[in-house]
Amino acid sequence: MKKDIKIAIIEDDENLRFLVVHRLQSEGYLTVEAADGETAEKLILEEKPEIVLLDWMLPGKQGSEVCESLRKQGFKNQIIMMTAKGQDVDKINAYNFGVSDYVTKPFNMDVLVALIDNKVKYFVKMDGSEVHKFGDMEHHPNTHLISKKGKKIELTILENRILLYFLQNPNKVINRDELMMVVWGYNSDVNTRTLDMHIVRLRKKIEDNPDKPHYLQTIRGAGYKFYVE
């Protein structure tokens, strides 16, 4: 299944790049690599990988600039930004730069592989055009957008992850720990208050009355459930 999936690893730290390339090859993925922004851009446009792992801090041209430039030149595949742990990922304006998702460094290789496997399952194999419909809305996870009554609403990377997970698990009670694991990853030190804050923000974007949510319901003592008829 993976043999026809090509991943570009763009990272200037030679040791880390070697480790990521080696692990992804052992998982059966094809890989191409580059160490700076200019080379990366040419490589990606030539090789057209299904997934790009792109470091935020690169010599020459920053990851965000590379991403923006690729999108302007018509590259539509998944771009996963590798960021330092201290960076606030919600400040990475996913919609403007065209970032599909992110992973924080230092990362656990198993977490990285799980994230990539998930992208292959839900985006690459589905031609990147997965759309979820609920009520009078459509969620376009690849572009971090909700379309509501013809109006486009932008989601942050984290809001996008949360909503996508709920829509993949409709009418199922999901506890906070499971949700935090999916959204922030295994090595996360995030607390439940942070999660609840993102839920509040997401409700403001999708609910007609965020104080009495129809879709994103709180199940007391258990977690949350996304109600879909």
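The legends below describe close-up views of one predicted model.

**View 1. The whole chain of the predicted model, as a setting for the close-ups.**
The protein has eight helices and twelve strands. It counts 229 residues, and buried residues make up 50% of them. Take the contacts with a separation of 6 or more: residues 24 or more positions apart account for 57% of these.

**View 2. The open sheet of five strands.**
The strand order is E2-E1-E3-E4-E5, and the pairing is parallel. Strands of a sheet pair through backbone hydrogen bonds, either parallel or antiparallel. Which strands form the edges? They are E2 (30-34) and E5 (101-105), and each pairs on one side only. From one strand to the next, the twist averages 20 degrees.

Isoleucine 80 stands opposite aspartate 101 in E5. The bridge partner of alanine 84 is lysine 105, also in E5.

**View 3. Helix H1, its buried side and its exposed face.**
H1 has 13 residues, which should span 18 Å at 1.5 Å a residue. Its end C-alpha atoms are 18 Å apart, in agreement with that figure. Leu16, Arg17, Val20, Val21 and Leu24 of H1 are buried. Why do they share a side of the helix? They cover an arc of only 130 degrees around the axis, which puts them on the same side of H1. An α-helix has 3.6 residues a turn, so residues three or four places apart point the same way. The face turned away from the buried side of H1 carries the exposed residues Glu14, Asn15, Phe18 and Ser26.

**View 4. Helix H8, residues 192-206.**
H8 has 15 residues. From first C-alpha to last, H8 reaches 21 Å, close to the 21 Å expected at 1.5 Å a residue. Its buried residues are Leu195, His198, Ile199, Leu202, Arg203 and Ile206. These cover an arc of only 145 degrees around the axis, which puts them on the same side of H8. Which exposed residues sit on the face turned away from that buried side? They are Arg193 and Lys204.

**View 5. Isoleucine 146 and its contacts.**
Isoleucine 146 belongs to strand E8 (residues 145-148). Its relative accessible area is 0%, so isoleucine 146 is buried. Neighbours within four places in sequence are left aside here. Isoleucine 146 is then in contact with Met137, Glu138, His139, Lys151, Lys152, Ile153, Leu155, Leu163 and Ile206. Among these, Ile206 is one of the buried residues of H8. Lysine 133 is 13 residues from isoleucine 146 in sequence, and their C-alpha atoms are 9.6 Å apart.

**View 6. An aromatic cluster with stacked pairs at phenylalanine 226.**
The structure holds five aromatic pairs. Phenylalanine 166 and phenylalanine 226 are stacked, at 5.9 Å centre to centre and 25 degrees between the planes. Phenylalanine 166 lies in helix H6 (residues 157-168) and phenylalanine 226 in strand E12 (residues 223-226). The pair links distant parts of the chain, 60 residues apart. Both phenylalanine 166 and phenylalanine 226 are buried. What is the geometry of tyrosine 215 and phenylalanine 226? Their ring centres are 5.9 Å apart and their planes are at 20 degrees, so this pair is stacked. Tyrosine 215 lies in the loop between H8 and strand E11 (216-219) and phenylalanine 226 in E12, so the pair ties together parts that are eleven residues apart in sequence. Tyrosine 215 is buried, with a relative accessible area of 13%. Phenylalanine 226 counts as buried at 0% relative accessibility. Phe134, Phe166, Tyr215, Tyr224 and Phe226 form one aromatic cluster.

Key: Residues are numbered from 1 along each chain as its sequence is written. This is a predicted model: local features need pLDDT of at least 70, side-chain atom pairs count only at pLDDT 80 or more; totals for chains, interfaces and linings use all residues. Side-chain values use heavy atoms; hydrogens and water are left out. Helices (H or I, at least four residues) and strands (E, at least two) are DSSP runs, numbered from the N terminus. The expected span of a helix is 1.5 Å times one less than its number of residues. Buried means under 20% relative accessible area, exposed over 50%, partly exposed in between (1.4 Å probe, protein chains only). The arc is that of the directions from the helix axis to the C-beta atoms. Rings of Phe, Tyr and Trp (its six-membered ring) pair if their centres lie within 6.5 Å; planes under 30 degrees apart count as stacked, over 60 as edge-to-face and the rest as tilted. Two strands pair if DSSP finds at least two bridges between them. Axes are lines fitted to C-alpha atoms, for helices over the stretch in contact, and angles run from 0 to 180 degrees between N-to-C directions. Contact means heavy atoms within 4.5 Å.
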